[in-house]
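Dear colleague,

I am handing over the structure below, and after it I set out what was found in it. Please read it with the model open beside you.

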Amino acid sequence: INSIPACHGGRATHNVENALAAAALTHSLGISLDHIERGLTGFGAEPSDNPGRCDLVEMHGVRFLLDFGHNPHGLRAILELARGLFDDEPGGRMCITLGQAGDRSNEDLRGLADAVHETGPARVMLREVPGYERGRHPREVPEFLTQCLIKHGHPPTSLTIHNNEVDAMDAVLKWAQPGDFIVHLVHIDRTPVRVLLDGWKGPSNN
């Protein structure tokens with residue numbers, strides 16, 4: 001497990017499961033153990049292997065986890081990884097940025113809020129997914145998620161709403177300080193979000 005980059009030392013339990021499934025399937029197809037080993041230990045070593053999925057980046061003392069998690073089960077898996085990595089190096093704060101398309105049920109949206117709450121972030125940045133309102137009013141989804149988190153006990157001052165993924169990342173970069181851990185769920189703006197992150201000059205002194 002420690003030799004498989006995607007498993008993050010065993011913290012990414014969902015990828016441990018995925019690795020076991022991949023190994024079992026390829027072994028049953030007659031692929032050699034040597035090739036299976038090389039595949040598992042090589043995949044995930046470079047950001048280009050699976051961009052935007054379980055992508056861990058450290059810049060200026062701040063760790064960023066970029067992922068696509070877009071349903072309660074997937075989000076819970078990536079946040080379990082985030083919490084484990086955060087606990088390995090405590091001392092900072094955690095921020096989660098989250099958006100969702102409008103065609104998800106209220107039950108699914110509550111499930112997302114539940115997963116976020118269980119992770120215990122200091123800050124949550126909700127956001128619109130422009131063009132994906134799908135029958136809901138503008139800001140309806142992030143406002144619904146905000147109310148779910150307030151019911152869980154999150155202070156309203158710890159919750160903000162942003163226009164899109166890039167705006168949320170911009171706000172994160174202005175907020176972040178060394179030691180912080182940022183989980184940014186990227187759905188449609190992966191490239192501009194990464195460009196913004198790569199050009200970041202570091203935490204503000206303000």
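A pocket is an open set of points, on a 1 Å grid over the protein atoms alone, where a 1.4 Å probe fits and which has protein on both sides within 12 Å along at least five of seven lines, and its lining residues have an atom within 4 Å of a point. Its volume is the space filled by probe spheres set on the points, which are joined across faces, edges and corners. This is a predicted model, in which local features need pLDDT of at least 70 and side-chain atom pairs count only at pLDDT 80 or more, while totals for linings use all residues. Residues are numbered from 1 along each chain as its sequence is written, and side-chain values use heavy atoms, without hydrogens and water.

The largest pocket holds about 610 Å³ of space. It is lined by 32 residues, of which Ala 6, Asn 15, Asn 50, Arg 53 and Cys 54 are the closest to its centre. Helix α1 gives the largest share of that lining, five residues, where helices (H or I, at least four residues) are DSSP runs numbered from the N terminus.

In their contact (heavy atoms within 4.5 Å), Glu 165, Val 166, Met 169, Asp 170 and Leu 173 of α6 meet Arg 190, Pro 192, Val 193, Leu 196 and Leu 197 of α7.

With best wishes

Note on methods. Helix = DSSP H or I, 4+ residues; strand = E, 2+ residues; numbered from the N terminus.
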